[in-house]
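Student: I am new to this structure and would like to go through it carefully with you. Could we look at it together and then take some questions in turn?

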Amino acid sequence: MSNENVIAHDFIRQAVTEDLKSGRFNGVHTRFPPEPNAYLHIGHAKALWIDYGIGLDFGGLFNLRFDDTNPAKEEQEFVDAIIQDVRWVGAVFDDRLFYASDYFDRMYEWAQELIRKGLAYVCDLTAEEVTAHRGNLTQPGKDSPHRNRPVEENLDLFRRMRAGEFPDGSRTLRAKIDMAHPNLNMRDPVMYRILHTPHHRQGDKWCIYPMYDWAHGLEDSIEGITHSLCSLEYENHRPLYDWFIDAVNQGRTDDGSGPWGRKIHHPRQIEFARLNMTYTVMSKRKLIELVRDGSVRGFDDPRLPTLAGLRRRGYTPEAIHDFCRRIGVNKTDSVVDMQLLEHCLREDLNKRSPRRMAVLRPLKLVIDNYPDGQVEQVDAVNNPEDAAAGTRQAPFSKALYIEQDDFREAPPPKYFRLFPGQEVRLRYAYFVKCTGCVKDAAGKVTEVHCTYDPATRGGDSPDGRKVKATIHWVSAAHALPAEVRLYDHLFTKPDPQDAPPGQDFRANVNPNSLETVQGFVEPSLGSTGVSPVAEFPVQFERLGYFCKDKDSTPDKPVFNRAVTLKDTWAKIEKKEGAKK
RNA sequence: UGGGGAAUAGUGUAACGGUAGCACAACUGACUCUGGAUCAGUUAGUUAAGGUUCGAAUCCUUAUUCCCCAGCCA
């Protein structure tokens, strides 16, 4: 706590500090390089926090760059969504928004340069043949029969690939490295493939597209990125990343003299572990499957760990920052407890969120000795954690709604709430004492009756008598109907992958991850009233934090539950139940 | 089996040859007009075996376990 202003000293920041000290780099420039083929999720927020945070900590620059090298998978919709998400989490890139596809011309020139240097060749093998020639983990690969084509023939073929003379998949440009290399990525990797597919930004300009390994380091080089931060699975690609830049630089000089010109910038790639969390999945592929098979209602479904989903659910950027700060940065595969994310949200919202009363599962409470037709306005505190938030008034009358959970005809042990003969406080209003209840033919409680003590107005008793529980309420005549969506984990198991034999993660989708209830909220939450809380989550007292959803209509608000409050009673009840 | 990585309480993360600390979770208790919040406390850890050293989570050796790599995906 006392060291909040000190730069966190994770292993990447240590490396950056050393690079600055040794003079390897004179400044810091980082980037976040998403492929626009899906929505961003909380794992990307971690990466963003590292990329952007390090740029910020060292007074450097930060770029947002789309790695749009595969037109078959990428779409403008994702570009737009990603930009919105990156801005929302607070990574500032100003005008430094770039696209790898804007560098295609330069990459094409460099590819020809590698051919001239004898470091790349056009290969006519089919995809299957390339795989067969690659060997496997223990056996070396075999050279392609086209590996030693003359430079002029390679140049001619490569130009004709670009000109569109050959069909998809018929030829590739490959780097000439080593088919026996112990690192499979170094066995003459493909640099370009033929793809007669229009690009979402480049249109029909290209029919050959660069592969990630060839393109990525060059993109970083062009932008002057010093530290190319990425996740662990790219560790095996680092030798290639370095090889390609060294290959371009072969024969080049610092001052640009000589036939090949000036050397290009060589960034340093450093890898860190990606984020995993309990009760959810983090891979793009799985997220897409859940959306496609209807397990959720879209990429912004509040049950998803996507940033769009978290935003819709009521998560704040501040809570996400805090979460990223707490999980740290390292190279260990880890699974972070979902409860930590929830804790971060509660901590943020507890300080800032306005309180309101809402009843999710209504049960009518009638105060028999309260005058018919009388309405009082009681003062309610907006946020006990923040005196500046002030107070509001809530209408009180003879007939109220309370939570079904707050009444028991036969109370279990340690139950402090309403039951016949028991007195409780109606928050900010009066003490009431339960006198009985009315049941329907099926034995279900339909109405609870009580009497109130007029001397306890405001919620305190002049005779000093105490009450063990305070419950929330809304006035039946004044309350606004609202739809409330209650979310639970999307998966029933901490590790969704832990599925029965022959089944995949979808076998663990929680059928009860969404429960929709029709409740009532304070009039101050309506669209007609002045609502200070339209876009920011509110706390429904004793229940949790809720955020107004985009599905709300003028007559009926819809709320998403972001996270519950900690519920000690639920634990006691569970424990008492287990005793029996 | 080849190559590349990683191992610290249940979970996440500190320590950089000198008292193994913090957070989340769990559990006690205090307080409370939210069974919230807050406060106090408890439980619980260096993968293993050797070695170097006055002293090892840290250095060395060996072993074990886990993750990644055989896309014309990124």
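Student: In this predicted model, how many residues surround RNA strand B?
Tutor: Since the model is predicted, we read the surroundings from its atoms. The closest residues to RNA strand B are Arg355, Arg425, Gly458, Thr568 and Lys575, and sugar and phosphate account for 65% of the atoms of the RNA strand that come within 4 Å of the protein. The residues that surround RNA strand B number 67.

Student: Which helix gives the largest share of the surface near RNA strand B?
Tutor: Several elements each supply at least two residues of this surface, including α5 (127–133), β6 (190–194) and α12 (338–352). Another of them is α13 (568–579). The largest share, 5 residues, comes from α13.

Student: Which residue has a polar backbone atom 2.8 Å from a base nitrogen of RNA strand B?
Tutor: In the side chain of glutamate 541, an N or O atom lies 3.5 Å from a base nitrogen of the RNA strand. The contact at 2.8 Å, by contrast, uses a polar backbone atom, and that atom belongs to glycine 459.

Student: How are helices α4 and α8 oriented to each other?
Tutor: Helix α4 (residues 104–116) packs against helix α8 (residues 238–249) at an angle of about 75°, with the axes 9 Å apart. Because angles of 65 to 115 degrees count as roughly perpendicular, α4 and α8 are roughly perpendicular.

Student: Which residue of β18 stands opposite leucine 365?
Tutor: Strand β12 (residues 362–367) and strand β18 (residues 445–452) run parallel and are joined by 4 bridges. Opposite leucine 365 stands valine 448.

Notes: Residues are numbered from 1 along each chain as its sequence is written. Chains are lettered from A and ligands numbered from 1 in the order in which they are written. This is a predicted model: local features need pLDDT of at least 70, side-chain atom pairs count only at pLDDT 80 or more; totals for chains, interfaces and linings use all residues. Side-chain values use heavy atoms; hydrogens and water are left out. Two strands pair if DSSP finds at least two bridges between them. Axes are lines fitted to C-alpha atoms, for helices over the stretch in contact, and angles run from 0 to 180 degrees between N-to-C directions. Angles under 35 degrees count as roughly parallel, over 145 as roughly antiparallel, 65 to 115 as roughly perpendicular and the rest as oblique. A residue is near a molecule or strand if one of its heavy atoms lies within 4 Å of it. A polar contact is a pair of N or O atoms within 3.5 Å; within protein, one must be able to donate a hydrogen and the other to accept it, and residues adjacent in sequence count only if both atoms are side-chain atoms.
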